[in-house]
Every structure is written in C-alpha cells, then in structure tokens.
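Hi,

Here's the structure I said I'd pass on.

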Amino acid sequence: MMPPSKTITKLEHVSAFFSQIALGFSGLFLILMITHITIDVVLRFFFNIALHGTLEVVSFYYMVCIVFLPLAFVELKQEHISVDVLVNHFPPNIRLALYLTSCLLGVIYFSMLGYQSLLDAIKATQSQETAMANFTFYLWPSRWALPVGFFAMDLAILANAMKAIRLRSAL
C-alpha cells in the first residue's frame, strides 16, 4: 500500500471540514423548519392565527438548504445511490478505472451545475430577486445554497477519488 501523501490527506480533511459545516447548517435549517411549521400549526389550530409566509420560507429557504447543503457529506460517506451489480464482477483494476471515470464525470457535472448556479446566485443578488407574495419576500439569499452545495460536492468527489487512488481500490 502506498503511504498517504500530504496533499491527499489535506484534501480529505478540507472536504470533510466543509461537508461537516454544510451538514451543520442543513441540520439547523431542518430544526428551524420543524419549529416554524409546528408554531404555525399550533397557532392555526388553537388561536386561528396564520403565520404569513410559512409556505414561502419553507419552500424557498429551508427545503433548498436541507437538500443541497448535505450533498458532500453524503458523498464522503459513500451513501449516494449506486447500482454496481455488474461492476462487482469485474476485476479490481477495472472497478478502480470505472470508479475514477465516474468521479471525473461527477466533478465535471457538478462543476457545471456549480458554475451555472453561481452565475444565477450573483444575478439574483444583484437584482435583489423576490417572489410574489403578500409581502416583499427575497429569494436571492437561498440561491447561494446551490453553488455552495455543488462545489462542496466537487471537493468530496475529488477527495474520494484521491482516497481510491491511494488505496488502489474503488470505494
């Protein structure tokens, strides 16, 4: 087995650090969503009072952050859906080559998504993008969750690829 290089180890640590932070924010948004919806339901049921904007905040803020921020954490834990029924019958060196090819394609794909969502977030921020509601509801802050999630995913894929190269085995 090849000794771990400092670059690979550092990349794995940086990726793990960013994925943990993103996961923490995702968990925070999940708790906020649960609290917000619970308060809204209790107020409606007992006092016939509606919290205005609950649907918008849940849809455009909480759900977006809950879905996109933990992508890298899930990748680092290798918990994304994979179908490897056929690949498991291949020799280890072919499995590694296919795994690294899929990592390369994943980095390209998520880099393109990250780049486009970054452009969209910048444009939304510059225009102070809003949604139609009974009040001024700013959408632009939630647009930043996508590029953060996608670029963190790139880091996670690269870290897993480097780990696979170091271990000389598909993950």
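This is a predicted model: local features need pLDDT of at least 70, side-chain atom pairs count only at pLDDT 80 or more; totals for chains, interfaces and linings use all residues.

Residues are numbered from 1 along each chain as its sequence is written, and side-chain values use heavy atoms, with hydrogens and water left out.

Pockets

A pocket here is an open set of points on a 1 Å grid over the protein atoms alone, where a 1.4 Å probe fits and protein lies on both sides within 12 Å along at least five of seven lines; lining residues have an atom within 4 Å of a point. Volume is the space filled by probe spheres set on the points, with grid points joined across faces, edges and corners.

The largest pocket holds about 660 Å³ of space. Its lining has 22 residues, and Ile 81, Ser 82, Tyr 99, Ser 102 and Leu 171 lie nearest the centre. Helix α4 (92–127) gives the largest share of that lining, eight residues, and α5 (145–167) also supplies at least two. (Helices are DSSP runs of H or I, at least four residues, numbered from the N terminus.) By type, the lining of the largest pocket splits into twelve nonpolar, six polar and four charged residues.

Among the residues lining it are Glu 12, Phe 73, Asn 160 and Lys 163. Two or more lining residues come from each of α1 (6–47), α3 (71–76) and α5, with α1 giving the most, four.

Glu 12

Glu 12 sits in helix α1. It's buried, at 18% relative accessible area (buried means under 20%, exposed over 50%, partly exposed in between, with a 1.4 Å probe and protein chains only). Leaving aside neighbours within four places in sequence, Glu 12 is in contact (heavy atoms within 4.5 Å) with Ala 159, Lys 163 and Arg 166. Its C-alpha is 8.2 Å from that of Met 162, which is 150 residues away along the chain.

Aromatics

There are nine aromatic pairs in the structure. Rings of Phe, Tyr and Trp (its six-membered ring) pair if their centres lie within 6.5 Å; planes under 30 degrees apart are stacked, over 60 edge-to-face, the rest tilted. Phe 45 and Phe 46 are edge-to-face, because their planes are at 85°, with the ring centres 4.9 Å apart. Both Phe 45 and Phe 46 are exposed. Tyr 109 and Phe 110 are another edge-to-face pair, 5.3 Å centre to centre with 80° between the planes. Tyr 109 is partly exposed at 47%, whereas Phe 110 is buried at 16%. Phe 60, Tyr 61, Phe 135 and Phe 137 form one aromatic cluster.

Helix α4

The 36 residues of α4 reach 51 Å from first C-alpha to last, close to the expected 52 Å (1.5 Å times one less than the number of residues). Its buried residues include Leu 96, Tyr 99, Cys 103 and Phe 110, and the buried residues of α4 pack against α3 and α5. Gln 128 follows α4, with a positive phi near 55°.

Cheers

Note on methods
Ala, Val, Leu, Ile, Met, Phe, Trp, Tyr, Cys and Pro count as nonpolar, Asp, Glu, Lys and Arg as charged, and the others, Gly among them, as polar.
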